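User: I am new to this structure and would like to know what stands behind the labels used for it. Please take me through them one at a time.

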Amino acid sequence: MRAVNPGWGVMLRARGARAASLALALALATGALLTMAATAGAELVRVGDIGVRQLARAIKRDPVALAGHPDPTLSRGHVSALRSQIANRDPGRIRIAVVSPLTQQASGDLSTALSNDLNGDGVVIVVAGGNYHVTTTWGTGDQAQSILADAVGQQGASLYVQMRRAVAGFAKADAAAGHPSSSAAESETSTAQPAPAASGSIGGAGPSTSASSNGGLIVGLVALAVVLVFVLSFGGRRLRASRRAAHRREQIATDAREQAQRNLSRLGEDIEALDIDSSMPNASPRAKDQYSKAIDCYQDAERRLAKGRDSYQFEKGQDALKRGHAHVQAAGELFAGADESSVAIPQDPD
């Protein structure tokens with residue numbers, strides 16, 4: 001068996017991971033059993049309670065597999081929906097393994113070992129508690145890091161929604177690249193963590209000054225000169241501070257507009273990922289309704305964000321994006337067969 005060149009791996013810690021999952025990951029890290037086969041070119045055969053070969057055979061037969069004691073995990077309906085999405089978008093080139101919580105290093109080792117054992121082209125996504133790792137045989141580290149970060153970066157999204165987004169993102173990138181093989185890719189490895197959110201505050205205007213003089217001409221002129229020097233010096237500081245504050249406000253506004261456009265693109269991709277489900281004759285009417293409302297929110301947000309610097313329209317566009325993402329999540333769960341009583345249905349304003 002040839003050793004598949006994994007191309008590169010990128011690891012992210014999912015936002016909002018529960019403390020229990022992290023504690024379990026640390027416990028597994030302490031007791032993880034990494035067994036190396038005593039053959040030429042040592043082969044990783046076990047990570048924690050996960051048998052690498054058994055899991056590789058499972059995801060070779062079925063692109064979505066569960067192993068060990070996953071937390072979070074996927075329901076049977078979610079597994080079926082993801083399997084259908086992969087078959088329709090990028091068959092044979094995307095595989096997902098949801099396993100027991102592991103450390104970043106262990107999840108990366110598992111992802112790479114699965115890729116080598118599968119000996120094929122495409123991507124392998126490992127979800128190990130709060131750690132996500134993707135190994136791919138093609139593409140660049142920056143590209144895949146962006147796809148993975150976009151997929152898992154929305155706080156509060158379920159694992160199912162994150163994986164639907166990941167499948168859509170990698171399938172789109174794979175198609176754009178022409179479905180390349182590992183032999184055409186260069187080896188590149190990258191590990192990344194989500195960047196912290198930026199924040200900032202803007203101070204108020206500087207103090208004001210005043211002066212008066214009632215002496216003789218010479219004394220008055222000298223006093224006036226002193227006052228002018230003082231005013232010019234203090235005024236110059238105020239002007240520079242004002243310019244810095246204005247520049248900072250503009251930069252914060254620009255960053256917010258750019259982030260809103262990224263969120264809009266992500267919402268469009270999430271809606272696109274549900275197109276096939278919505279066209280099924282036996283699709284849930286409630287799911288179709290949520291899907292339709294997500295489209296309405298996308299169009300509303302797109303129209304409002306196009307207004308440029310109008311702060312009111314920007315705020316309303318942000319609200320539409322949040323509602324759209326909530327409708328998409330509800331639609332995805334309902335299309336996957338979730339009970340309507342267990343799905344959080346967002347309420348739109350009157």
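Analyst: This is a predicted model. One label to begin with is that of Asp289, which counts as partly exposed because its relative accessibility is 32%, and partly exposed is the range between under 20% for buried and over 50% for exposed.

User: Why is Lys293 called partly exposed?

Analyst: Lys293 has a relative accessibility of 29%, so it counts as partly exposed.

User: What makes Lys293 and Asp289 a salt bridge?

Analyst: A salt bridge needs a side-chain nitrogen of Lys or Arg within 4 Å of a carboxyl oxygen of Asp or Glu. For the side chains of Lys293 and Asp289 the N to O distance is 3.5 Å, so the pair meets the cut-off of 4 Å. Both residues lie in helix α9 (residues 285–305), four residues apart, which is about one turn of the helix.

User: What is the closest distance between N and O atoms for Arg304 and Asp300?

Analyst: The closest N and O atoms of Arg304 and Asp300 are 3.0 Å apart, and the two residues form a salt bridge. Because they are four residues apart in helix α9, about one helical turn separates them. Asp300 counts as buried because its relative accessibility is 14%, and the cut-off for buried is under 20%. Asp300 and Arg304 also belong to a network of salt bridges that links them with Arg303 and Arg323.

User: Which parts of the chain does the pair of Arg165 and Asp270 link, and how do you know that it is a salt bridge?

Analyst: The side chains of Arg165 and Asp270 meet at 2.9 Å, N to O, so the distance is within the 4 Å that a salt bridge requires. The pair links distant parts of the chain, with Arg165 in helix α6 and Asp270 in helix α7, 105 residues apart. Arg165 and Asp270 are both buried. A search of the whole structure finds eleven salt bridges.

User: Which residues line the second largest cavity?

Analyst: Its lining consists of Arg95, Ser115, Leu118, Gly120, Asp121, Gly122, Val123, Val124 and Thr137. The lining divides into three nonpolar, four polar and two charged residues.

User: How do you know that the span of helix α4 agrees with its number of residues?

Analyst: Helix α4 covers residues 104–118, 15 residues, so at 1.5 Å a residue it should span 21 Å. Its end C-alpha atoms are 21 Å apart, which agrees. Among the buried residues of α4 are Ser115 and Leu118, and both also line the second largest cavity.

User: Which residue follows α4, and what is its phi?

Analyst: Asn119 follows α4, with a positive phi near 55°. Asn119 has this positive phi although it is not a glycine, and it lies in the loop between α4 and β7. At 26% relative accessibility, Asn119 counts as partly exposed.

User: Where does His179 lie, and why is it called partly exposed?

Analyst: His179 lies in the loop between α6 and α7. Its relative accessible area is 38%, so His179 counts as partly exposed. Phi of His179 is near 50°, a positive value in a residue other than glycine.

User: Where is Pro72, and what kind of peptide bond joins it to Asp71?

Analyst: Pro72 is in the loop between β5 (64–66) and α3 (76–89). The peptide bond from Asp71 to Pro72 is cis, with omega near 10°.

Technical notes:
Residues numbered from 1 in each chain as written. Predicted model: local features only at pLDDT ≥ 70, side-chain atom pairs only at ≥ 80, totals over all residues. Heavy atoms only, no water. Helix = DSSP H or I, 4+ residues; strand = E, 2+ residues; numbered from the N terminus. Expected span 1.5 Å × (residues − 1). Buried < 20%, exposed > 50% of the residue type's maximum accessible area, 1.4 Å probe, protein only. 1 Å grid on protein atoms, 1.4 Å probe; cavity = no way out; pocket = protein on both sides within 12 Å on 5 of 7 lines; lining within 4 Å. Nonpolar A, V, L, I, M, F, W, Y, C, P; charged D, E, K, R; others polar.
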